[in-house]
Amino acid sequence: MEKDFLEALKKRRSYYAISKEKILSDEEVVSLVEDAVKYTPSAFNSQSARTVVLFGKEHDKLWDITMEILRGIVPAKNFASTEEKINSFRGGYGTVLYFEDQSIVTGLQEQFPLYKDNFPVWSLESSGMLQFVIWTALESNGYGASLQHYNPLIDEKVAASWNIPKSWKLLAQMPFGKPTASPDEKTFLPLEDRVKIYR
């Protein structure tokens, strides 16, 4: 089991060339996300992570919204590469939206004032773990995914489109789909500069 986990860790990459071809049923993807949300750790067991999973026309709608907003910001002469990138995300099977419930974070700040400054940081750390868990689980099941950050530009329209509670803060978007091309080669800095060992 340990070997399987490490192999999954090594294989997780950013895939930008993805298709709408189904690998798992929607119910299986939802189950994967629900397990990740349930079992990913959080500081003080706060369980502040929130997710929204978009399939089909709802997935397409997210990237149409993003395209529309970016079209009003990015200069027209530079928009072709932006359009290509957004279309690559729209070309996927679905998207996972990651949120953190700020009412839980502020509630903990009030309950434990000594750690007030830490709770927003711990919230982000927990979300990062959840993103990693879902990303790796999707890839272990044959999907390719990448992590995107079009927040806060799209926050208002996302909230209105999917009835998102006001206390949920959007942190990231993860489009996923069947890979249609290999990811770029990954390079690594020397481990001796990154890991210190003392015996």
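**Helix packing and selected residues in a predicted model**

What covers the buried residues of α3 includes β2, α4, β3, α7 (155–161) and β5. Here, contact means heavy atoms within 4.5 Å. This is a predicted model: local features need pLDDT of at least 70, side-chain atom pairs count only at pLDDT 80 or more, and totals for chains, interfaces and linings use all residues. Residues are numbered from 1 along each chain as its sequence is written, and side-chain values use heavy atoms, with hydrogens and water left out. Helices (H or I, at least four residues) and strands (E, at least two) are DSSP runs, numbered from the N terminus.

**Helix α3 and Arg71**

- The buried residues of α3 are His59, Asp60, Leu62, Trp63, Ile65, Thr66, Met67, Ile69 and Leu70.
- Buried means under 20% relative accessible area, exposed means over 50%, and partly exposed lies in between (1.4 Å probe, protein chains only).
- The 16 residues of α3 should span 22 Å at 1.5 Å a residue, and the end C-alpha atoms are 23 Å apart, which agrees.
- The expected span of a helix is 1.5 Å times one less than its number of residues.
- Arg71 has its place in helix α3.
- Arg71 counts as partly exposed because its relative accessibility is 47%.
- Leaving aside residues up to four places away in sequence, Arg71 touches Phe79 and Glu83.
- Arg71 and Glu83 are twelve residues apart in sequence, and their C-alpha atoms are 8.4 Å apart in space.

**Helix α4**

- Helix α4 covers residues 79–90; its twelve residues should span 16 Å at 1.5 Å a residue, and its end C-alpha atoms are 16 Å apart, which agrees.
- Phe79, Thr82, Ile86 and Phe89 are the buried residues of α4.
- They cover an arc of only 85° around the axis, so they sit on the same side of α4.
- The arc is that of the directions from the helix axis to the C-beta atoms.
- Ala80 and Glu84 are exposed on the other side of α4.
- The packing partners of the buried α4 residues are β1 (18–19), α3 (56–71) and β5 (168–179).

- Helix α5 (residues 102–111) has Val105, Leu108 and Gln109 buried.
- Their arc around the axis is only 105°, which puts them on the same side of α5.
- Glu110 and Gln111 are exposed on the other side of α5.
- Against β3 (94–101) and α6 pack the buried residues of α5.
- Thr106 also lies in helix α5.
- Thr106 counts as partly exposed, at 36% relative accessibility.
- A polar atom of the Thr106 side chain lies 3.2 Å from the backbone oxygen of Ser103.
- Thr106 and Ala8 are 98 residues apart in sequence and 35 Å apart in space, C-alpha to C-alpha.

**How α2 meets α6**

- Two packed helices are described by the angle between their axes and the distance between the axes.
- The axes of helix α2 (residues 26–39) and helix α6 (residues 119–140) come within 9 Å and cross at roughly 150°.
- On the α2 side, the contact is made by Val29, Leu32, Val33, Ala36 and Val37; on the α6 side, by Leu130, Val133, Ile134, Ala137 and Leu138.
- Axes are lines fitted to C-alpha atoms, for helices over the stretch in contact, and angles run from 0 to 180 degrees between N-to-C directions.
- Val37 is a residue of helix α2.
- Val37 counts as partly exposed, at 30% relative accessibility.
- Not counting residues up to four places away in sequence, Val37 touches Ala49, Thr51 and Leu130.
- Val37 and Met129 are 92 residues apart along the chain, with their C-alpha atoms separated by 9.9 Å.

- Arg50 is in strand β2 (residues 49–55).
- The Arg50 side chain makes a polar contact with the side chain of Asp101 (3.4 Å).
- A polar contact is a pair of N or O atoms within 3.5 Å; within protein, one must be able to donate a hydrogen and the other to accept it, and residues adjacent in sequence count only if both atoms are side-chain atoms.
- Arg50 touches Leu97, Tyr98, Phe99, Asp101, Ile104 and Trp168, with residues up to four places away in sequence not counted.
- Ser19 is in strand β1.
- Ser19 counts as buried, at 17% relative accessibility.
- A polar atom of the Ser19 side chain lies 3.3 Å from the backbone nitrogen of Glu21.
- Residues that Ser19 touches, beyond those up to four places away in sequence, include Gly91, Gly92 and Tyr93.
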